[in-house]
Structure formats: structure tokens, C-alpha cells
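Take a look at the sequence and the structure below. The paragraphs that follow go from the chain as a whole to single residues.

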Amino acid sequence: AFHGMAHDDAELATVRAAGAANTIMTLSTLSNTAVEDVVAAASGPVWFQLYVYKDRGVSRAIVERAAAAGCRALVLTVDAPQLGSRERDVRNRFRLPAGLSVQNLLPAGMADLPQKAMESGLAAYFQDLIDPALTFRDVEWLANISDLPILVKGVVRGDDAVRAVASGAKGIVVSNHGGRQLDTSIASIDALPEVVAALDGRAEVLVDGGVRRGTDVLKAL
């Protein structure tokens, strides 16, 4: 999220770099650049990472926009229905700098983070708008409203991976959200063998988290 905090061109810079590296760009729901503009600037595939809002109409509209813009897959994040206690964000009272907003939510009137004293604006945004009651039925719902392939991101158990695929997912992203969601969560690399074994080739398996050098890639492969 929020690539505008790192670069003046925000997600446009990221998607250009991803294309130059001949890899995929997965665009966050919470991007500072609209999905249409990012796909227009892309020279390679763009996937769309989806958070599910309490208002399913809002989520459906985002999915339809992503498909119409040319995104090739949906990456449903399931390990953050409530935001973890990010203590640094609370101390800093995290908020977006002036001029930056959640562009994909502009039509829904949800483009700005709450500005609350002594609180993280992102945590308040999640609490107010993101659905904390995700179930496998939401994977089924997403598969029913979109023809795009769905990957479920944030899975660290084999049985959950099997249920996600049974609910309509075409792929799994083994991830612990960078270790920022749940204290003492299992490392992605430790969860990976169980998920791969449980799926037994029935779906694509990707992994993120903890990749720092080529040897980490080799371990995952």
C-alpha cells in the first residue's frame, strides 16, 4: 500500500520497474494510484490485491474495475480482517501525507484515512471499513462475481489451503503478512511444505515473506 510515501510516481514507478524486471505487479487495494492508471503504465501482468469491505457493493465495484482495467488475477488477502497491533504506527499516529489518498476507493467516499488522536489512521480505517468476519463463503462469493482467477493470500495451514481451493481459489499465497499481523506466527518458509503437500498439485502455490537473497528463493523452490 501507499507507494506514494516512497516515490513521487507512486505505484506507476513500481509497475514500470516490475515490467523492466519481467515480473508481475500485484497492486494493493490501498494504492495511491488508480488501478486504471497503473495497468495503463504496465508492460507486464498486473494482479489486484483485494481487501473485503463490510459493504460488499464497494468490494464488488473494485473487483469489476480491476477486471475492466485489465488485471489478470485477484489476490484475496485473508489474514488481515482486523489489523495487527502495529505499535510503531500507534506511536507515530500514522496518517497519509497531504496529497495522498486511497485512489481506488475515491468513488465510494473511502479514500481518506481517519485522523484520530493517539491512534493509527490505518488501524482506524480497517476497524471502520474492512470486514472482520471473513469466511470461506467469501471466497465462493468472489469466485461467483468474477471470472478472474483468485489466489488466497495469507494461508499458513494445509487444511485451510485445501478449503480455499474447494471454495473456488486457483492458487494460494503462503504468507504471514510479513510477521506484522500475529505475534509468534509461523514463518512462511516453515508453513510452505505443509501447504504444498496438502494441495498435491491441485493449485498454484506462491510464497512471500523473509526473502532476502537468492538462497531464500532456492529454499522456497
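**From the whole chain to single residues**

Among contacts in the chain between residues at least 6 apart in sequence, 64% join residues at least 24 apart; contact means heavy atoms within 4.5 Å. This is a predicted model, in which local features need pLDDT of at least 70 and side-chain atom pairs count only at pLDDT 80 or more, while totals for chains, interfaces and linings use all residues. Residues are numbered from 1 along each chain as its sequence is written, and side-chain values use heavy atoms, with hydrogens and water left out.

The chain has nine helices and six strands. Helices (H or I, at least four residues) and strands (E, at least two) are DSSP runs, numbered from the N terminus. Along its principal axes, the C-alpha trace spans about 45 × 40 × 35 Å. A compact globule of 221 residues would have a radius of gyration near 17 Å, and the chain agrees with this because its own value is 17 Å. That radius is taken over C-alpha atoms, and the globule rule is 2.2 Å times the number of residues to the power 0.38.

Of the 221 residues, 43% count as buried. Buried means under 20% relative accessible area, exposed over 50%, and partly exposed in between (1.4 Å probe, protein chains only). The chain has 22 positive and 26 negative charges, and their mean positions are 3 Å apart. Here Lys and Arg count as positive and Asp and Glu as negative, whereas His and the chain ends are not counted. The place of a charge is taken as NZ of Lys, CZ of Arg, CG of Asp or CD of Glu.

Next comes the interior. In soluble globular proteins, nonpolar side chains tend to be buried together. A nonpolar core is a set of buried Ala, Val, Leu, Ile, Met, Phe, Trp, Tyr and Cys residues joined through side-chain atoms within 4.5 Å. Which residues touch the most other members of the largest nonpolar core? In this core of 51 residues they are Leu30, Phe48, Tyr53, Tyr125, Phe126 and Ile172. With neighbours within four places in sequence left aside, Phe126 is in contact with Leu30, Tyr51, Ala80 and Leu83. Another core lies apart from the largest one; it has five residues, including Trp47, Val75, Leu151 and Val173.

Helix H1 covers residues 10–20. Its buried residues are Ala10, Glu11, Ala13, Val15, Ala18 and Gly19. Strand E1, helix H2 (35–41) and strand E2 (46–50) are among the elements that cover them. After H1 comes Asn22, with a positive phi near 60°.

Leu27 belongs to strand E1, residues 25–27. Leu27 counts as buried because its relative accessibility is 0%. Not counting residues up to four places away in sequence, Leu27 touches Glu11, Val35, Val38, Val46, Trp47, Phe48, Gln49 and Asn104. Cys71 is 44 residues from Leu27 along the chain, yet their C-alpha atoms are separated by 9.1 Å.

Thr33 sits in the loop between E1 and H2. Is Thr33 buried or exposed? Thr33 has a relative accessible area of 10%, so it is buried. Its contacts, leaving aside neighbours within four places in sequence, are Asp9, Ala10, Glu11, Leu12, Val38, Gln103 and Asn104.

Helix H6 (residues 136–145) holds Ala143 and also Asn144. Ala143 is partly exposed, because its relative accessible area is 27%, whereas Asn144 counts as exposed because its relative accessibility is 69%. Beyond its neighbours within four places in sequence, Ala143 is in contact with Ile150, Ser167 and Gly168. Ala143 and Gly121 are 22 residues apart in sequence, and 31 Å separates them in space, C-alpha to C-alpha.

Two further residues have a positive phi without being glycine. Phe2, in the segment before H1, has a phi near 60°. Phe2 counts as buried because its relative accessibility is 8%. His177 lies in the loop between strand E5 (171–174) and helix H8 (188–199), and its phi is about 60°. His177 has 8% relative accessibility and therefore counts as buried.
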